[in-house]
Amino acid sequence: MSIAFPFTAIVGQEDMKQALMIAAVDPGVGGVLVLGERGTGKSTTIRALAAMLPTIDVVAQCLYQCDPSAPRPGLCTHCGKPGETPATRSVTIPVVDLPLGSTEDRVVGALDIERALVNGEKAFQPGLLAQANRGFLYVDEVNLLEDHIVDALLDVAASGENVVEREGLSIRHPARFVLVGSGNPEEGELRPQLQDRFGLSVDVRTPKDVPTRVEIIRQREAFDHDRAAFKKKWARKESALRRKIQSARASLDDIDTPAELLETAARLCLSLGTDGLRGELTLVRSARALAALQGKPVATLSHLKTVATSVLRHRLRRDPLDESSADSRVERAISELFGHDQDH
Amino acid sequence: MSAPFLNYSDMTKTTDASPWADAEWAAALLVLLGHTLGGVHLRAPPGPVRDYWLERVRNLSQQTRLRKIPAGVPEARLLGGTDLSATLQQGKPIAEMGMLAECDERIVIAAMAERMSRNTVHHVCTALDEGQLRIARDGITGNATTRITVIASDEGTEEETLHPALADRLGLTVNLENIGIHDAEDEMFDSADIARAKTRLQRVSITDEHYHALSAIGVSLGIESPRALIAGLKVMRACAAICGRLSTDEADLSLAVRLCLLPKAQQLPDFSDAEHEEPPPQEDGEEEQAPPRPDQPPPEEDRLLQAAMAALPPGLLEQIQTRAARLRQSSAGASGAQHRHLNRGRPTGVFRGDHRKGGRVNILATLRTAAPWQPLRKRERGPRARNLEIRRDDIHLTRFQQRRETLTLFVVDASGSAAMQRLAEAKGAVELLLADCYVRRDQVALIAFRDENAELLLPPTRSLVRAKKALAALPGGGATPMAAALDLARETAQRSTKQGLTTHYVLLTDGAANVARDGAKNREAGTRDALAAARALAQNAITGLVIDTAQRPQPRARELADTLKSAYIALPRADAQTLNRTIRAATL
């Protein structure tokens with residue numbers, strides 16, 4: 001693998017970094033959609049995330065990174081069998097690339113042909129969805145993804161389970177992953193069903209002031225010049241952030257959620273007319289994850305406000321006659337709700 | 001020509017004297033910097049000049065030949081997959097290397113790059129960004145190293161240009177359009193120069209002033225993506241190294257601006273008028289949060305930029321200017337053209353499916369899937385086995401467009417006679433319709449006409465973002481050049497029909513034509529020409545709808561609709577919602 005640009009060395013783009021970190025702390029927020037023009041560092045940032053992810057324990061022999069401490073019914077057929085505690089090993093949370101042009105057999109998995117030929121046995125060769133279980137699945141230019149692959153993704157993302165019926169195989173295995181997609185909105189819209197799958201959505205743009213741009217190109221030059229040295233230079237910051245994410249994951253369950261926060265989330269969604277409950281749930285989860293990241297014991301309204309735009313901007317019903325952008329509509333709703341609030 | 005250009009004054013002389021020198025420089029830089037630079041966007045018609053330049057690159061790089069990636073290369077060939085014949089022969093899956101992997105560490109030509117499919121563009125971009133590709137297809141999963149250097153040869157006309165995502169990743173732009181074969185001069189560099197420069201390259205330092213100047217010039221040219229700046233830095237370094245210096249100077253900066261920045265300019269600063277200039281292009285639509293010009297380049301950068309512009313080959317500056325002006329009008333520039341490639345009425349992919357439910361079997365993909373299984377299946381079947389054992393699971397179908405997509409072409413009268421209010425309603429209707437369209441993956445385009453001419457404000461698109469930008473910029477008032485509008489509608493519709501789209505138009509007007517085809521403002525001639533244009537449109541069997549937006553409907557719009565053989569609806573008091581419903585009912 002080539003060396004990726006360090007996450008902590010990325011200049012600016014705080015929204016995008018925050019959204020990805022929230023998803024790293026709580027995969028339950030349900031994916032991150034990154035939209036922006038060319039050259040905003042979308043893929044660089046997302047690819048950099050892999051190095052920031054802590055390790056997880058998995059069942060040693062399992063093809064799907066099953067969680068040894070999880071209740072059995074949620075695991076693959078092999079790990080789900082009652083029996084003694086299996087051996088475990090520790091792996092970094094996987095970030096799996098789903099490249100455009102992938103064929104369905106490699107995405108969902110298929111019969112392992114080598115083993116079928118050599119040993120005459122019917123074995124399943126897991127696909128990208130299996131590799132991504134408990135991790136991240138990244139689709140660059142997600143708005144160009146082929147429809148039948150999107151269908152497969154939607155199906156699995158909804159159920160958390162991948163069911164393969166082909167070539168005489170009948171396999172089901174857990175496939176819960178954080179879907180991360182990036183794309184340029186000028187190249188076409190995302191299918192609404194797919195857009196709904198994303199918990200957070202961020203808009204990225206290129207910074208336009210000269211000093212920031214100088215910093216960006218200097219960093220990039222230094223990186224291109226000697227990747228290993230550059231990585232080393234940032235190693236301390238990288239491991240500090242990794243630890244922060246790790247401890248946030250550990251403390252997530254203990255974060256307090258005041259009733260006031262739940263109520264505000266509900267009122268915010270109501271006033272914006274977002275469909276369904278997903279917006280509310282994601283708001284609260286993201287606020288909690290952010291509190292955990294900051295090492296706070298309680299999720300506050302300020303956390304809620306910080307994540308609100310990312311959580312809600314892609315959930316607004318389209319009103320083409322309203323000239324204002326989704327972002328300003330969310331901001332307006334927040335300021336109406338909070339008035340001049342005291343929280344900051 | 002021994003030890004060329006260790007003396008830098010020689011270099012500037014040559015650069016000033018001939019545009020060929022810049023092309024020659026680009027060839028040397030391309031070979032020296034290779035993959036780290038991405039490549040070259042080569043704008044040139046086919047001909048001896050282009051051949052000669054490519055020959056120069058080949059010579060300098062000492063490659064035996066430059067491989068070509070054809071524009072229509074199938075994805076399986078580009079990325080690799082199952083090698084059909086080897087798999088059948090050996091009875092086990094054999095992977096075939098894709099073209100991008102085969103070209104690792106080499107310079108490749110992307111021929112007719114402006115016609116590349118969107119997926120090919122994506123794969124080449126990933127190869128350039130990552131230096132490797134992840135392959136997950138036809139039973140094969142893995143990484144392929146793809147440190148390629150791309151010469152994207154673009155014969156593009158106004159209509160079609162290289163996809164902006166790829167153009168952004170190519171560090172250099174070479175324009176040979178205005179160079180004749182007699183302008184192509186002696187060789188300035190040889191491979192020994194390149195080799196020498198390579199040893200110096202890493203030691204060249206760039207001053208803070210030059211970092212700053214380059215960034216500031218980028219801002220004043222309206223270049224958003226930092227990739228052009230990063231390429232500029234590399235070019236500065238390389239230029240100094242080739243000239244035998246260890247620190248960059250103004251000549252290096254000037255070259256970087258000419259080869260990397262100016263060709264990507266979205267705007268050209270106006271130095272003549274200190275009082276100041278038109279606002280920057282409406283790049284980010286409504287979310288203009290910063291003051292219009294956050295960073296006025298200080299005089300020093302102005303001077304450097306002016307110097308670089310002065311050194312441009314004649315004619316090039318005008319081209320940049322026209323392009324920047326066009327970009328201002330339709331901010332997304334060329335991406336309309338690329339959209340069409342996505343959905344040209346042709347096969348769009350292959351998928352595993354049941355042929356009994358209809359659809360055309362893709363023999364090659366089916367064979368490829370079946371090939372590795374042959375020994376196993378023959379063993380299973382024993383003596384009754386056929387030469388080729390194909391199972392239902394193998395069957396792959398070619399996906400054509402699920403159904404013919406529709407393009408709804410709005411032709412909006414923005415003249416004074418169609419009141420401003422109607423214009424606002426038309427805008428609203430377009431947006432509403434588009435919001436519906438993108439669910440069905442249909443497309444929308446917009447022609448506006450007023451004053452002198454008609455203009456395709458929004459090329460066929462599905463993007464709400466782009467549509468909003470185009471609509472926001474739509475001004476009103478002036479005369480009614482109906483004939484020009486109908487002519488443009490016909491051309492647009494013909495083009496999209498050719499691409500497999502079913503096209504309907506929706507004409508919103510009060511029917512009061514008063515500008516003739518030759519531009520004369522005359523009601524009679526205007527009406528006569530409008531009816532002639534209407535007949536031409538009707539002859540093309542393109543269906544449509546005329547919406548009479550006059551406060552008091554009059555027979556002239558009716559007459560126009562009859563000539564167009566289209567439906568006619570008078571909607572004197574419709575709001576956007578009603579318009580939208582009517583249009584949908586009439587066209588879908």
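Select V96(A) and L137(A): V96(A) stands opposite L137(A), which belongs to β7(A). Strands here are DSSP E runs of at least two residues, helices are H or I runs of at least four, and both are numbered from the N terminus. The model is predicted: local features need pLDDT of at least 70 and side-chain atom pairs count only at pLDDT 80 or more, whereas totals for chains, interfaces and linings use all residues. Residues are numbered from 1 along each chain as its sequence is written, and chains are lettered from A and ligands numbered from 1 in the order in which they are written.

Next, display β4(A) with β7 (residues 136-139) of chain A; three bridges join these parallel strands. Two strands pair if DSSP finds at least two bridges between them.

Return to L137(A) and show its contacts (C-beta atoms, placed from the backbone, within 7 Å). Not counting residues up to four places away in sequence, L137(A) touches V96(A), L98(A), L128(A), A132(A), F177(A), L179(A) and V180(A).

Which residues have the most contacts inside the largest nonpolar core? They are L137(A), L29(B) and L172(B), in a core of 187 residues. Helix α11 (residues 227-243) of chain B gives the most to this core, with 13 residues. Such a core is a set of buried Ala, Val, Leu, Ile, Met, Phe, Trp, Tyr and Cys residues joined through C-beta atoms within 7 Å; buried requires 20 or more other C-beta atoms within 10 Å of the residue's own.

Now colour by chain: 63 residues of chain B are in contact with 52 residues of chain A. On the chain B side, helix α7 (residues 118-130) gives the most, with seven residues.

Finally, select the open sheet of six strands in chain B, in the order β15-β14-β13-β16-β17-β18 with mixed pairing. Its edge strands are β15 (453-461) and β18 (567-570) of chain B. Strand β14 (residues 443-450) of chain B pairs with β15(B) in the antiparallel sense over six bridges, and L446(B) has L458(B) as its bridge partner in β15(B).

How values were computed: Buried ≥ 20, exposed ≤ 12 C-beta atoms within 10 Å, placed from the backbone. Contact = placed C-beta atoms within 7 Å.
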